[in-house]
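Load the model in your viewer and keep the selection tool at hand. The stops below are meant to be followed in order.

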Amino acid sequence: MVKICCIGAGYVGGPSMAVMALKCPSIEVAVVDVSRPRIDAWNSDRLPVLEPGLDAVVRECRGRNLSFSADVDRHVADADIVFVSVNTPTKARGLGAGRAADLAYWESAARVVAEASRPGRSKIVVEKSAVPVRTAEAMERILLAHGGGGGAAFQVLSNPEFFAEGTAVRDLLCPDRVLIGGPDTDAGRAAARALRDVYANWVPEDRIVATDLCSAEISKLTANALLAQRVSSVNAISALCEAIGADVSDVARAVGGDGRVGGAFLNAGVGFGGPNLQKDVLQLAYACECHGLAEAAEYWRQVVAVNEYQKGRFVRRVVASMFGTVAGKKVAVLGFAFKEGVADSRESPAADVCRGLLGDRAHVSVYDPAVGEKQIRRDTAAPAAKERQVRVARDAYEAAEGAHGLCVLTEWDEFRTLDYRRIFDGMRRPAFVFDSRGVVDVGKLREIGFVVYSVGKPLDPWLKGLPAGA
Ligand code: UDX
Ligand code: ADP
């Protein structure tokens, strides 16, 4: 029986190993973590990662061939295949601060593998979380320095994860592709085959893509960078659409109908958020920079610069529309998660917009169906803002009561079907709606009496000529 151990029971390690255990009943899968509370949560009825369908998968496999444990050394020592899925946050200080990944957790995991290994027993070590290019090489060096002398043999593979938050289980059960990168040696190819055999339990063979190590690592960063680049591209077009009176959603539909371009990821909005896209674009730019490729680095940095521009542009629209000042005015904020369907507000554009409005001394009243008050307060904490400037409402109607303006910042379905007549009745005049996600029916809202701004759509006559958006 093959034994698998995954170091790191986080957003990536937990769900991906749970689905692996589900689909491979003859493989024993242990997920280990240094954080005891995290392991306890995985062993409880309240899992630390909320994903549709995940509870059912864990319930079915836990105690059968899936376990969660804080005994890292023992499970690593027992395993034939060790996945490494620890966090690689962007460095906050030191060399490459703000751009490079912090590999401290990664290195400590590599050392754990090296020290837990026994002579004569070979192991396949698999990079799972997104890492900078050439991390596998560094991993090999650490393992060789520790284990080589003792006779333990290691093969390092790269097998990056591509699932999106909110659809993790669906994406894992039915991935577009599984990528396995490995060294072009007999032992490397054998290791890659062993991992391919694991996935072949549920993934069609033609969806398993083999590359060398470095190509696999760079593919993961490139995939996220291209997604981010599409969002920034359509957002840049949204600014032009507003200037010339075109409609960005029509443009996206017309352009996306070309099979070569494709229609996905062309929704203009208030910018991309979440823990992955910006981090990976900046890592890619940093890798270019480290190799003296200044122009290539600058190209990718522009993707992030346009994202910042789009968030700033939205805030400037709000302030300029409301007669150049939001000081002391109540602004309702609908949606705080970085995208619909998740309770996650990491790097959420909504937080940046709130901080921008708070900086101009607005009072914001936030409602999100999934993100909790504590999280909202933490993410909106701005240096000059006072705590009483932020209210967290129980529903959209409460958030909008007495407000001068209302911003839609996450595309939650429930915002499409709100009673906007009731909202209008409770708001101050003129009542403004600023829709960053193309959620509201602009025509209907204008009929009710709202002044409406919707990103990338022809401007409300009220807003034309105002010096916003530049
Ligand atoms: C992303 C990748 O999609 C996934 O493959 C990878 O493994 C992890 O990173 P995720 O972070 O869950 O997944 O978010 P994603 O669905 O990609 O959305 C990222 C951001 O882009 C969100 O803020 C979303 O609102 C925004 N977005 C997306 C747009 O603004 N417009 C679009 O058309 C699509
Ligand atoms: P990701 O989104 O990449 O899964 P998370 O932060 O959600 O990242 O999870 C990473 C997990 O890895 C955390 O629970 C952390 O405690 C764990 N971790 C970090 N370093 C080690 C290590 N050396 N050994 C075991 N677990 C680790």
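Is R189 buried, partly exposed or exposed? At 36% relative accessibility, R189 counts as partly exposed; buried means under 20% relative accessible area, exposed over 50%, and partly exposed in between (1.4 Å probe, protein chains only).

Before moving on, note that this is a predicted model, in which local features need pLDDT of at least 70 and side-chain atom pairs count only at pLDDT 80 or more, while totals for chains, interfaces and linings use all residues. Residues are numbered from 1 along each chain as its sequence is written, chains are lettered from A and ligands numbered from 1 in the order in which they are written, and side-chain values use heavy atoms, with hydrogens and water left out.

D184 is exposed, at 66% relative accessibility. By this rule the count comes to 28 salt bridges.

Next, select E137 and R134. Their closest N and O atoms are 3.1 Å apart, in another salt bridge. E137 is partly exposed at 31%, and R134 is partly exposed at 45%.

Now go to R437 and E411, whose side chains meet in a salt bridge (3.5 Å, N to O). R437 lies in the loop between β13 (432–435) and α17 (442–448) and E411 in the loop between β12 (405–408) and α16 (420–426), so the pair ties together parts that are 26 residues apart in sequence. Helices (H or I, at least four residues) and strands (E, at least two) are DSSP runs, numbered from the N terminus. R437 is buried at 18%, whereas E411 is partly exposed at 22%.

For a network of salt bridges, select E308, K311, D352 and R355.

S129 has a relative accessibility of 9% and so counts as buried. Which residues does S129 touch, not counting those up to four places away in sequence? They are V84, S85, V86 and W106, where contact means heavy atoms within 4.5 Å. The S129 side chain also reaches the backbone oxygen of V86 at 3.0 Å.

Finally, colour domain 1 (3–213) and domain 2 (248–470); the bounds come from an automatic or database domain assignment. Their C-alpha centres lie 35 Å apart, and 17 residues of domain 1 are in contact with 15 residues of domain 2.

Definitions and conventions
Polar contact = N/O pair within 3.5 Å; in protein donor to acceptor, adjacent residues only side chain to side chain. Salt bridge = Lys/Arg side-chain N within 4 Å of Asp/Glu carboxyl O.
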